[in-house]
Amino acid sequence: MKKTLVILAAGSAIVSAAPAMAQDAGAVQPFSGVHVEALMGYDVSKAGSSIDDDVNEDNDQSIDGLAYGVGAGYDIRMNNFVFGPEAEVTWSTAKTKFDDGDFEGFGIGNVKTNRDLYVGARLGYVVSPKTMLYAKGGYTNAKFDVRNSVGTVTTNRDIDADGWRIGAGVEQQVTNNVFAKVEYRYSNYSKGELDYTGDFPDGDRFNLDLDRHQVMAGVGVRF
């Protein structure tokens, strides 16, 4: 919960950093200032190499689905260079499944993806008046809901995973205030803990090896 509040506070700080003099929408410089965006794309999480299933080769140990969410950032432009902080929250439809009687175990059990928080920064270079290439990186915290029960008792819990993210993309200025972008990003989660609802204490932190690959498209507005 504390991690969630910290990252959401970072996103709010980015949005509130809009300069007071940017009230005139026509004065917005391309690739500069505060922006908010809607995100959607393809999301796949896989068990890392240290826990690959070498016995059951048909078990692909991956879950994939549609990722969607929102993001915000503040870009500072100096000549053709652009840099600044960014934050986002996304969700995904990916979950484990049974395929012809074979359970796709994914390495951490029967789960479905929950929210994914990210806070980081990006560095870009404007290659034409309306096109910017950029790289990004930062911290990510993802939750995976555990979907099992013992007898008639169901315990609500999830896996809280910490990791890092890197990525790269291209952003295109559509109008003076509207932009579109496409990016690829890779995340790795190496630590996790079990979070329980109610009066149950959280579990001890344990090692993970989860890889996440995403191809995301975004449409946003600058202020």
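Which residue lies over the face of Phe179? In this predicted model, that residue is Arg222, at 5.1 Å from the ring centre.

Aromatic pairs were then searched across the whole structure, and 4 were found. One of them joins Phe144 and Tyr189, with ring centres 6.5 Å apart and planes at 90°. The planes are over 60 degrees apart, so this pair is edge-to-face. Phe144 belongs to strand β7 and Tyr189 to strand β9 (residues 178–196). The pair therefore ties together parts that are 45 residues apart in sequence. Phe144 is buried, at 1% relative accessible area. Tyr189 is also buried, at 1%.

Trp164 and Tyr186 form another pair. Their ring centres are 5.6 Å apart and their planes stand at 70°, so the geometry is again edge-to-face. Trp164 sits in strand β8 (residues 157–173), and Tyr186 in strand β9. Parts 22 residues apart in sequence are thus tied together. Trp164 is partly exposed, at 40% relative accessibility, whereas Tyr186 is buried, at 18%.

Strand β7 (residues 131–146) also holds Lys143. This lysine counts as buried because its relative accessibility, 13%, falls under 20%. Its side chain makes a polar contact of 3.4 Å with the side chain of Asp158. Beyond neighbours within four places in sequence, Lys143 is in contact with Asp158, Asp160 and Asp195, and with Thr113, Asn114, Arg115 and Ile159.

Key
Residues numbered from 1 in each chain as written. Predicted model: local features only at pLDDT ≥ 70, side-chain atom pairs only at ≥ 80, totals over all residues. Heavy atoms only, no water. Helix = DSSP H or I, 4+ residues; strand = E, 2+ residues; numbered from the N terminus. Buried < 20%, exposed > 50% of the residue type's maximum accessible area, 1.4 Å probe, protein only. Polar contact = N/O pair within 3.5 Å; in protein donor to acceptor, adjacent residues only side chain to side chain. Contact = heavy atoms within 4.5 Å. Phe/Tyr/Trp six-rings, centres within 6.5 Å; stacked < 30°, edge-to-face > 60°. Lys NZ or Arg CZ within 6 Å of the ring centre and 35° of its normal.
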